[in-house]
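Here are a few exercises to work through with the model open on your screen. Try each one before reading its solution.

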Amino acid sequence: MENSEVQTPGMEQPKQKSSKGLVILLVIIIFALVAAIVIIYTKSTQKIQEQTEVQQIIEDQKTSLQKELTDMIGEYDGLKTNNDSMNKMIAGQQEKIKRLLGERSSNLNLITKYKKELGTLREVLKSYIAQVDSLNTRNQQLVSENVQVKTNLEQARNENIKIGQEKEQLSSQVQKASVITTSNIIVTPLNKRGKDENKLKNMLKIKVCFTLRENAIAKAGTKDVYIRITRPDGNVIASAQTDVFDFQGQQIAFTAKRQVEYDNKDIDVCIFWDNNKQLVLGDFTVDIFTDGNLIGTTKFNIKK
């Protein structure tokens, strides 16, 4: 006898309910997954955006710090002076900045280093500015002092020139005042008896007498006194070629000489010259010298 299953409406209802619940669960799971994906995507996008923003901030800071460092090179350059030691220190700091700007590392590490070094460099810059200001102030003082010294030196030089001129003038005046002068110059031709003679053929000697005048500031002592007789033809009468003396740096001939003791008071002197056939008719000039100075001049005439 075959058995057959008979399904009744009451038996299908539990199976239908189970399928419906499974679908609802699947839908819930799908919604949960979608929600999770959306949340993950949103958070990931936000994180990426935040990282991008942070990276941009870091890059901006880096660029700003690099600009500050670059500007600082110019600031150091503006501090250069005539002081070689100071310029060497400034160049050292500029080279340090250039090396820092040339470094390659992660942004955060580089920015940290930039900030640290920037602070140090600013302190050094302030110190250098103070030193340069001090040097400039001192240089201005030195320039001012130098100008004053030059002014004083020029004044002293002018004063010395003036004193030198006055001294030279005074010395010249003293020198002129110390020159012994003569007076009462008398020239007398003499014959063989020592008497005055007017005729040329009888003249054996020429006597030149004069007075060395008193002079309190002249140098006293033994004096060589020279007479120099010049003929009408301009030739000087001299007994020998060696009869010369110094006059104003030149050796000139003399006719006769005599040594006298001068004690700053009037002293009468006569000098004789023996005629050696050099007398001629005409006008003669007699010059008197001592101490290298021309101290007197006179003329005399020889007639027939």
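Buried means under 20% relative accessible area, exposed over 50%, and partly exposed in between, using a 1.4 Å probe and protein chains only. You're looking at a predicted model, where local features need pLDDT of at least 70, side-chain atom pairs count only at pLDDT 80 or more, and totals for chains, interfaces and linings use all residues. Numbering runs from 1 along each chain as its sequence is written, and side-chain values use heavy atoms, with hydrogens and water left out.

**Exercise 1.** Work out whether asparagine 264 is buried or exposed, and what its side chain meets.

*Solution.* Start with the location: asparagine 264 sits in the loop linking β6 (256-262) to β7 (267-274); strands here are DSSP runs (E, at least two residues), numbered from the N terminus. Next, check the area: at 18% relative accessible area, asparagine 264 counts as buried. Now look for polar contacts, meaning N or O atoms within 3.5 Å, one able to donate a hydrogen and the other to accept it; residues adjacent in sequence count only if both atoms are side-chain atoms. A polar atom of the asparagine 264 side chain is 2.9 Å from the backbone oxygen of asparagine 215, and one is 2.7 Å from the backbone oxygen of alanine 218. Finally, list the contacts (heavy atoms within 4.5 Å): leaving out residues up to four places away in sequence, asparagine 264 touches Glu214, Asn215, Ala216, Ala218 and Ala220.

**Exercise 2.** Find the largest nonpolar core and say which element gives the most to it.

*Solution.* Such a core is a set of buried Ala, Val, Leu, Ile, Met, Phe, Trp, Tyr and Cys residues joined through side-chain atoms within 4.5 Å. The largest one has 26 residues, and Ile206, Phe210, Leu212, Ile229, Leu279 and Phe300 have the most contacts inside it. Elements giving two or more residues include β2 (205-212), β3 (221-230) and β9 (293-302). The top contributor is β2, with four residues. A separate core of 11 residues includes Tyr76, Met86, Leu121 and Val132.
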